[in-house]
Amino acid sequence: MHLPAILPWGQAEGFSKQMLLVILSVVIIATFFVIAARKQQLVPGKLQFAGEAAYGFVRNGIAKDIIGGKDFMKYVPLLFSLFFFILVNNIYGAIPVIQLPSFSHVGGAYVLAAIVYITWIAIGVKKNGLKYFKLATVPSGVPIYILPIVIPIEIISNFLVRPVTHSLRLFATMLAGHLIVMIAGSGIEFLVMQENVLLKGASVLVLAGSIAMYMLEALIMALQAYVFTLLTAIYIEGALHADSH
Amino acid sequence: MKQLIISAATEGETNPLVPNIWEMFVVLVGFAVLLFIVTKYVVPMFEKNFAERAEAIEGGIAKAEKAQAEASAALEEYKQQLTDARTEANRIREEARAEGAQILADLKEKAAAESARITAQAHAQIESERQAAVVSLRAEVGTLATTLAGRIVGEALSDDARSARVVDRFLADLENQNAGAAK
């Protein structure tokens with residue numbers, strides 16, 4: 001499954017292409033936004049405008065809309081970093097030659113989901129104290145005789161399944177996209193190598209199909225970055241306002 | 001095929017759900033660095049600029065509103081002044097008209113008085129001239145008539161006292177006749 005490492009070259013373990021891409025993504029994002037935000041003018045230039053539009057999308061489109069209130073600004077850095085970190089790492093999969101979405105390796109997705117998991121539980125406990133766990137698992141307005149069923153379901157869905165789905169959703173979509181590109185590539189190669197002219201010609205159909213899949217994958221790459229960030233915002237909002245849910 | 005799946009499931013290295021610990025480490029550190037940069041530099045810079053822009057726009061709006069209020073106040077004042085000026089002008093015109101009428105009436109009265117005075121004076125002058133003419137005529141006519149009668153009669157009617165009496169009586173008769181005719 002995993003590619004051989006770059007350093008030491010060809011070994012099973014070591015510094016891999018995926019690690020290089022993750023580090024590169026941090027450099028790309030930090031450089032772009034620091035440059036875009038640095039030369040601040042009241043009337044923005046093109047670069048500043050692009051940076052502000054991207055920043056405003058996360059700030060207003062996700063953080064403000066979902067979390068709202070006065071204290072959404074506290075979570076903007078986390079959401080902003082998550083969105084662009086995932087976006088750039090996903091888009092790698094759509095760039096020829098690179099063609100490796102970093103989160104098609106499950107480790108990164110686990111780490112990000114764990115960070116979010118710890119964050120929203122910490123927010124919930126800080127806001128509501130230990131009573132938070134009761135608020136998060138015992139829904140109000142449910143008849144007492146249903147509670148024995150509801151409470152285990154809530155515990156499982158909120159505290160056990162949530163981080164797993166959160167990480168695997170990102171990982172699985174990226175892996176699937178990566179696999180489709182790989183399968184289409186090797187399928188085309190296999191068909192072109194055939195003696196039969198009709199089979200050779202069929203490779204064109206696979207090519208056309210793979211281009212359509214490529215477009216779909218590009219959409220899913222952006223969409224998953226948005227979904228991951230949106231869910232993070234929803235979890236944080238749920239932890240902040242546990243008493244009113 | 002079945003063999004392959006089983007071997008893949010049992011062999012940890014090929015199971016995609018088993019993470020590579022070093023990849024996790026790189027993502028953790030990379031994300032931490034990114035989060036730090038974003039928290040420390042990117043978000044504050046964008047927020048600062050947003051705040052400045054909002055302030056600039058709101059300040060501009062406030063300034064424009066103030067200018068508008070001032071302008072409408074000035075307009076109101078000008079309208080008020082215009083109305084005042086119109087009222088003033090009307091008042092002055094009315095006054096002028098009244099004054100003009102007054103002056104005209106005065107002048108008419110004065111002219112009438114003057115003309116009356118002139119007429120009276122003319123009458124008096126004419127009367128006095130007529131009197132003078134009558135007196136001088138009386139003297140001259142008497143002298144002429146006496147001289148003429150003396151020459152015609154040829155006698156010495158030089159008794160002045162008697163001839164004067166005759167002439168006076170004659171003229172008095174004549175005057176009486178005239179007065180009778182005038183009545």
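## Around A:L79

Set aside the neighbours within four places in sequence, and A:L79 is in contact with A:V58, A:I62, A:A63, A:T229, A:T232 and A:A233. This is a predicted model.

A:L79 also belongs to the largest nonpolar core, which has 59 residues. Within that core, A:L79 joins A:A63, A:F80 and A:I236 as the residues that touch the most other members.

## Who builds the core

Both chains contribute. From chain A, helix 1 (17-38), helix 2 (46-67), helix 3 (76-91), helix 4 (106-128), helix 6 (147-192) and helix 7 (197-240) each supply at least two residues of this core. From chain B, helix 2 (21-153) also supplies at least two. The largest share is 10 residues, and helix 3 of chain A provides it.

## Helix 6 of chain A

Helix 6 of chain A bends. A kink of about 50° lies at A:V161, shortly before the proline A:P163.

Which residues of this helix are buried? They are A:H166, A:S167, A:L170, A:F171, A:T173, A:M174, A:L175 and A:G177. Their cover includes helix 3, helix 4 and helix 7 of chain A.

Chain B has 3 helices and 0 strands. Along the sequence, its pattern reads α-α-α. Chain B has 183 residues, and 6% of them are buried.

How many residues of chain B are in contact with chain A? The count is 29, and they meet 32 residues of chain A. On the chain B side, 20 of the residues are nonpolar, 5 are polar and 4 are charged.

Note on methods. Residues are numbered from 1 along each chain as its sequence is written. Chains are lettered from A and ligands numbered from 1 in the order in which they are written. This is a predicted model: local features need pLDDT of at least 70, side-chain atom pairs count only at pLDDT 80 or more; totals for chains, interfaces and linings use all residues. Helices (H or I, at least four residues) and strands (E, at least two) are DSSP runs, numbered from the N terminus. A residue is buried if 20 or more other C-beta atoms lie within 10 Å of its own, exposed if 12 or fewer, and partly exposed in between; C-beta atoms are placed from the backbone. Two residues are in contact if their C-beta atoms, placed from the backbone, lie within 7 Å. Ala, Val, Leu, Ile, Met, Phe, Trp, Tyr, Cys and Pro count as nonpolar, Asp, Glu, Lys and Arg as charged, and the others, Gly among them, as polar. A nonpolar core is a set of buried Ala, Val, Leu, Ile, Met, Phe, Trp, Tyr and Cys residues joined through C-beta atoms within 7 Å. The bend at a residue is the angle between axes fitted to the seven residues ending there and the seven starting there.
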